[in-house]
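Hi,

Here is the structure I promised to pass on to you. Have a look at it first, and my notes follow below.

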Amino acid sequence: MSELHYLYGKPLGTADLRTQNSDFIVKEILPFSPTGEGEHHMLHVRKEGLNTVQVAEMIAKFAKVHPKEVTYAGQKDKNAITEQWFGVRIPGKETPLWKDLNSERLTILSSSRHSKKLRIGALVGNRFILTLRNVTQVEDIISRIEKVAQVGVPNYFGEQRFGHDGKNLVFGRQMMAGKKVKDRNKRSMYLSAVRSNLFNTVVSYRLANHGTKPLAGDCVMLAGSKSFFVTPEWDLIVLKRLIEKDIQLSAPLWGRGMMLPQGEAAAVETLAMSELADDCYGLEHAGLEQERRPLLLEPQALKYEQTADGLVLEFVLPAGSFATSLLRELVNYQDVKEQQWQATLVQEPAPEATNANVAADTIETKTEAAPNIEAES
């Protein structure tokens with residue numbers, strides 16, 4: 001991430017992030033309210049010191065249902081205080097006493113029946129309340145907050161997408177070159193890392209060379225939607241829609257099919273991806289289709305407060321975006337929980353080449369999950 005272009009130049013200030021769990025608060029925002037009836041139970045949960053999968057397993061065990069019957073819209077970090085929704089399908093059974101699940105680390109805030117399954121990505125976004133400690137150059141940070149509120153930040157995929165030491169990207173390239181990965185979820189994760197790196201590369205190149213100005217042939221997205229259209233030329237009407245943020249500039253989520261932008265915009269993206277031809281080829285042949293993602297991330301309700309503890313930031317991000325993409329434009333932060341986790345790592349020796357339990361063409365993926373501060377969809 002350090003080599004990616006900074007829209008406002010590299011920050012001057014430094015700060016500590018996540019010195020304690022309460023320094024990182026995330027609250028999911030659903031696009032609907034539970035209907036109050038149906039075979040699905042919607043649980044609004046507050047958790048600390050537990051990751052999403054752990055909570056899902058606890059709910060399944062408590063409700064005496066198969067783990068696949070417990071769903072969630074997005075994953076949330078263990079080292080934080082988070083509020084998120086879980087769905088539990090319990091057909092033909094009485095409502096469990098959900099409050100009996102409450103513990104020091106888990107609280108059922110509310111429960112209600114619902115008519116449909118809660119699916120991955122069923123979020124409007126996430127609200128963040130972050131406390132930065134040991135802050136320096138506060139004036140520079142505040143100046144950047146004001147700029148970000150007006151323009152936004154590069155919509156980069158955060159370092160979490162690429163795994164510890166970027167191994168997901170490495171494994172993804174090995175897999176596309178012929179290595180076998182049996183686990184379906186890991187295959188998807190590795191492909192996503194390659195695709196995300198390509199997106200970041202295009203965004204960084206474009207912003208470094210052309211800033212945020214529109215280009216002829218741009219593929220623009222309707223705000224809050226995945227719909228898009230091409231602008232061969234920027235007339236006053238379309239430019240006004242961009243200024244009013246009714247439409248957004250975009251960059252590629254690569255896959256098979258024709259390149260979506262045209263003219264100057266297509267030339268810029270082609271040049272940006274020129275050294276990643278193998279990645280493009282691998283993604284096309286993995287069956288992924290051409291998609292688009294907004295070039296800029298525009299946080300909503302962004303505000304700050306100076307307190308005795310440091311600087312408190314509050315903002316809302318759309319589902320699928322990264323809090324780290326915003327933070328990196330504001331301050332050079334140190335993730336205390338991440339550093340503590342890395343200090344506990346014990347390097348295991350590589351398996352012997354003659355190990356019959358590991359096929360020669362299989363990627364070794366025995367890694368512990370690192371702390372994650374992504375607002376996942």
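A word on the domains to begin with: their bounds come from an automatic or database domain assignment. On that basis the protein is divided into domain 1 (32–122) and domain 2 (156–294). The centres of domain 1 and domain 2, taken over C-alpha atoms, are separated by 34 Å.

Please keep in mind that this is a predicted model, in which local features need pLDDT of at least 70 and side-chain atom pairs count only at pLDDT 80 or more, while totals for chains, interfaces and linings use all residues. Residues are numbered from 1 along each chain as its sequence is written, and side-chain values use heavy atoms, with hydrogens and water left out.

Now the annotations. UniProt positions are given in the numbering used here, with feature names shortened, and the annotations may be inferred rather than shown by experiment. An unreviewed UniProt entry places the feature "active site" at Asp77. Aspartate 77 sits in the loop between strand S4 (70–72) and strand S5 (81–89); helices (H or I, at least four residues) and strands (E, at least two) are DSSP runs, numbered from the N terminus. Is aspartate 77 buried or exposed? Aspartate 77 counts as buried because its relative accessibility is 9%, where buried means under 20% relative accessible area, exposed over 50% and partly exposed in between (1.4 Å probe, protein chains only).

The unreviewed entry in UniProt also lists residues 152–297 for "domain: TRUD". Over residues 152–297 the chain is 44% helix and 16% strand, with the end C-alpha atoms 5 Å apart.

Next, the interior. A nonpolar core here is a set of buried Ala, Val, Leu, Ile, Met, Phe, Trp, Tyr and Cys residues joined through side-chain atoms within 4.5 Å. The largest one has 59 residues, of which Phe24, Phe128, Leu198, Leu313, Phe315 and Leu330 touch the most other members. Helix H4 (residues 184–210) gives the most to this core, with nine residues. Apart from this core lies another, of 18 residues, including Leu50, Val65, Ile90 and Leu106.

Which residues does leucine 330 contact, leaving aside its neighbours within four places in sequence? With contact meaning heavy atoms within 4.5 Å, leucine 330 is in contact with Pro11, Ile141, Arg144, Ile145, Val148 and Leu313.

Alanine 266, in helix H6 (residues 263–272), also counts as buried, at 13% relative accessibility.

Most residues other than glycine have a negative phi. Asparagine 134, in the loop between strand S7 (125–133) and H2, has a positive phi, near 55°. Asparagine 134 is exposed, with a relative accessible area of 57%. Aspartate 165, found in the loop between strand S8 (153–154) and helix H3 (167–176), has a positive phi near 60°. Aspartate 165 is exposed, with a relative accessible area of 61%.

Best wishes
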